[in-house]
Amino acid sequence: MSLVRRNQSLFPSFLDDMARPDWFGGLERLSDTVPAVNIKEQDKAFALELAVPGMKKEDFKIELDKDVLTVSAEVSSESKSEEDAVYSRREFKYASFKRVFTLPKAIDKDQINASYTDGVLNLTLPKLEAAIPAPKRLVEIA
């Protein structure tokens, strides 16, 4: 009896291979490594939400170069404290991603801020005052 079991049978694995071939050299698991993103437009800002559970805020690198916003992270969990341990199975964890967004001219680039809560990286991209729509008003007839 083996301690290592596989939950996949031949048929589902065959279907996965046929449905998701690696036609473009390394893009087979693209959805597994690139976090999903929500982009919301609000009255005074845009909000970006990236789903990146299991990371710490120190893992992220957010760069702004002209009109290009780059969000990236790199995590590896190799513990060296267990050097004397005997493994029957050990799976290393290494994850990295990079998402690039071209910002519209209407963004106030000096006021961009970010926070990381409950596995979601939130970025707030405030609009410039000139880009905020004016409220509806009534015009009086003279």
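This report covers the nonpolar core, the aromatic pairs and the open sheet of a predicted model.

## Basis

Local features need pLDDT of at least 70 and side-chain atom pairs count only at pLDDT 80 or more, while totals for chains, interfaces and linings use all residues. Residues are numbered from 1 along each chain as its sequence is written, and side-chain values use heavy atoms, with hydrogens and water left out.

## Nonpolar core

The largest nonpolar core has 18 residues. Such a core is a set of buried Ala, Val, Leu, Ile, Met, Phe, Trp, Tyr and Cys residues joined through side-chain atoms within 4.5 Å. Met 55, Phe 60 and Phe 97 have the most contacts inside this core. Two or more residues come from each of β2 (45-51), β4 (68-76), β5 (94-102) and β7 (120-126). Strands are DSSP runs of E, at least two residues, numbered from the N terminus. β4 gives the largest share, 4 residues.

Met 55 touches Phe 60, Ala 73, Val 75, Phe 97 and Tyr 116, leaving aside residues up to four places away in sequence. Contact here means heavy atoms within 4.5 Å. Phe 60 counts as buried, at 12% relative accessibility. The buried class lies under 20% relative accessible area, exposed over 50%, partly exposed in between (1.4 Å probe, protein chains only).

## Aromatic rings

The structure holds 2 aromatic pairs. Rings of Phe, Tyr and Trp (its six-membered ring) pair if their centres lie within 6.5 Å; planes under 30 degrees apart are stacked, over 60 edge-to-face, and the rest tilted. Phe 60 and Tyr 116 have ring centres 5.0 Å apart and planes at 55°, so this pair is tilted. The pair links distant parts of the chain: Phe 60 sits in strand β3 (residues 60-65) and Tyr 116 in strand β6 (residues 113-117), 56 residues apart. Ring pairs join Phe 60, Phe 97 and Tyr 116 into a cluster.

## Open sheet

An open sheet of 4 strands runs in the order β1-β2-β7-β6, with antiparallel pairing. Two strands pair if DSSP finds at least two bridges between them. β1 (37-41) and β6 stand at the edges with a single partner strand each, so one side of each has no neighbour in the sheet.

β2 and β7 pair over 7 bridges. Ala 45 has Pro 126 as its bridge partner in β7. β6 and β7 pair over 5 bridges. Tyr 116 is bridged to Leu 121 in β7, and Thr 117 to Val 120. β6 and β7 form a hairpin with 2 residues between them. In the turn, Asp 118 has a positive phi of about 50°.
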